[in-house]
Amino acid sequence: MPTRPNIVVIVTDQQRSDCIGYANPVLETPYLDDLASRGVKFTRCYTASPSCLPSRAAMMTGMDQWTHGRLGGGAGYDALDFPATLAGELMKAGYHTVSIGKSDQFPRRALYGFYEAVQDSTGRGLWTDYMTWLREQTVGKFGDLDHGLEWNSWMARPSHLPEHLHATHWTVSEAVKFFERRDPTCPFFMWLSFTRPHAPYDPPPVYFDMYKDNPDIPMPPMGDWAAQYDEPMTDTRGWRGRVPDAQVHRTRAAYYGSITFIDHQVGRLLYELSWRERDALRNTFFVFTSDHGDMLGDHCLWRKGYSNDGSSRIPFFLKYPDTWDEERGGSCDEIIEVRDLMPTILDAAGVEIPECVDGKSVLPLARGESTEWRQFLQGEQTRLHGMDHGMQFIVTKQDKLTWFHHTGKERYFNLQDDPQECHDLSADSTARGRIEELRGLLAGVNERRGDPRGQNGQLVVQPNGALLRSPNYAKWKARADARMSL
């Protein structure tokens, strides 16, 4: 048996932190709750750039958004040659590495350190392994989006496909196939990435039915700052606006159902492992997280990309191997970020963490060890549904400041008193000193990294547009171009 643990990272797409069973009494996730109870939950995990591409780049490189180069969604689709990747470091350490599901790396078939990959990015105009499989199973009679819902729509309905043909089921089926063909002489690393609960909100009917009539599903909060967005929604893929309460409930019911469906498929994976590879399962280190959240109508906002907790705060827990002698069932409220995923896994595997990694292993926090940790997190999304909403933010355990870098407008929330971010205190004279302090922190981050948004200790508005990519993007692209020209 290998002495190093096997590793399974389970990543969902667009799952907010308050939408997992142990944080939400309405939502059923028994298998995930059980895994979390045998490890440590991290209750303040954020993504510093809350959209798919930059967040997943941080996961795979351990770099912050300035270092890997993407400062928001749509920040370039070039091949990048990073100095180190999570899968690449584990492959060099002797792991059999596999990626199953969504990767969101470019070009789409680039392996970035995985020996093999099967991919699904449903609904994005890309032909994926899942779509090929679905066509084969249905002799071309069914497509994954034949129900009429779009990839970023707020609309919802049950899937038109039988449960066993849904992308969530396919993802775990591919994981089971991997265990039938993996190299048994070395440990494995599996990146298991679901394309849900991201829209389309389309769980199988049985999972939609679990929640469609549940009156306890919470309705979205409405902040005193959000009246500007409170107008009827007409765009089915819109990012702001009010939709009827019945539609909001239906969307949230489908979102909850999608998460429970994922949970049950995780249970299926654990069952398959328990009889196929019981010893391997006992020596497996699990991490569960998501790339970003989903506003789900909070403050009349939809989709992701915002600094609000609904968009930027995500679930994160780790489950120790049964063979490890560790205390289990605890939780930690320190601020961690998805860049911490790579160093955490390398630490668990006993693999040296490369110098290019900005994140830190959370294992000392999980063990309750005294360690220096970040007091705040800086994040950003350069463009967000138009220039006026591009922003940077600073979040601490107590509060959050969002600065809109094209206009200079701000929002400030006291998260201890106002966890749903309903009361903007940016004009409150009693908060002025604290806001100035947070502005200084944000300006300092910008100035140290050479970002024109910070100069002489002050924030500098960028009315004509802020950086979409940092200079590092060009550096990693040049490395990739040079390698491909050999």
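# Reading cavities, cores and backbone features

Q: By class, how many nonpolar, polar and charged residues does the lining of the second largest cavity have?
A: The lining of the second largest cavity divides by class into 6 nonpolar, 4 polar and 1 charged residues. Here Ala, Val, Leu, Ile, Met, Phe, Trp, Tyr, Cys and Pro count as nonpolar, Asp, Glu, Lys and Arg as charged, and the others, Gly among them, as polar. The model is predicted: local features need pLDDT of at least 70 and side-chain atom pairs pLDDT 80 or more, whereas totals for chains, interfaces and linings use all residues. Residues are numbered from 1 along each chain as its sequence is written, and side-chain values use heavy atoms, without hydrogens and water.

Q: What is the volume of the second largest cavity, and which residues line it?
A: Rolling a probe the size of a water molecule over the atoms shows where empty space is left. On a 1 Å grid over the protein atoms alone, a cavity is a set of points where a 1.4 Å probe fits but cannot get out, and lining residues have an atom within 4 Å of a point. Points are joined across faces, edges and corners, and the volume is the space filled by probe spheres set on them. The second largest cavity holds about 60 Å³, and its lining includes Tyr229, Tyr306, His389 and Arg411.

Q: How many cavities of 30 Å³ or more are there, and what lines the largest cavity?
A: The count is 4 cavities of 30 Å³ or more. The largest cavity has a volume of about 90 Å³. Among the residues that line it are Met60, Ser99, Gln105, Tyr112, Phe114 and Trp191. Its lining has 7 nonpolar, 4 polar and no charged residues.

Q: Where is the largest pocket centred, and which residues are closest to its centre?
A: A pocket is an open set of points with protein on both sides within 12 Å along at least five of seven lines. The largest pocket has a volume of about 590 Å³. It is lined by 30 residues, of which Arg16, Ser17, Asp18, Arg313 and Pro419 are the closest to its centre. By class, this lining has 14 nonpolar, 7 polar and 9 charged residues. The second largest pocket, of about 460 Å³, has 20 lining residues, with Ser51, Gly73, Gly74, Tyr77 and Lys304 nearest its centre. That lining comprises 6 nonpolar, 8 polar and 6 charged residues.

Q: Which residues touch the most other members of the largest nonpolar core?
A: In soluble globular proteins, nonpolar side chains tend to be buried together. A nonpolar core is a set of buried Ala, Val, Leu, Ile, Met, Phe, Trp, Tyr and Cys residues joined through side-chain atoms within 4.5 Å; buried means under 20% relative accessible area, exposed over 50%, partly exposed in between (1.4 Å probe, protein chains only). The largest core has 40 residues, and Phe42, Leu90, Phe189 and Leu318 touch the most other members. Helix α11 (residues 341-349) gives the most to this core, with 6 residues. Helices (H or I, at least four residues) and strands (E, at least two) are DSSP runs numbered from the N terminus. Apart from this core lies another, of 36 residues, including Ala36, Ala175, Leu270 and Ala280.

Q: Which residues of helix α1 are buried?
A: An α-helix has 3.6 residues a turn, so residues three or four places apart point the same way. In helix α1 (residues 30-37), the buried residues are Leu32, Leu35 and Ala36. They lie on the same side of α1 because they cover an arc of only 100° around the axis, the arc being that of the directions from the helix axis to the C-beta atoms.

Q: Which peptide bonds are cis, and where does Leu296, with its positive phi, lie?
A: Most residues other than glycine have a negative phi, and most peptide bonds are trans. A cis bond joins Arg196 and Pro197, with omega about 15°; Pro197 is in strand β6 (residues 188-197). The bond from Ala199 to Pro200 is also cis, with omega near 10°. Leu296, not a glycine, has a positive phi of about 55° and lies in the loop between β7 and α10 (309-312). Leu296 counts as buried, at 1% relative accessibility. Asn456 likewise has a positive phi, near 55°, but counts as exposed, at 72% relative accessibility.
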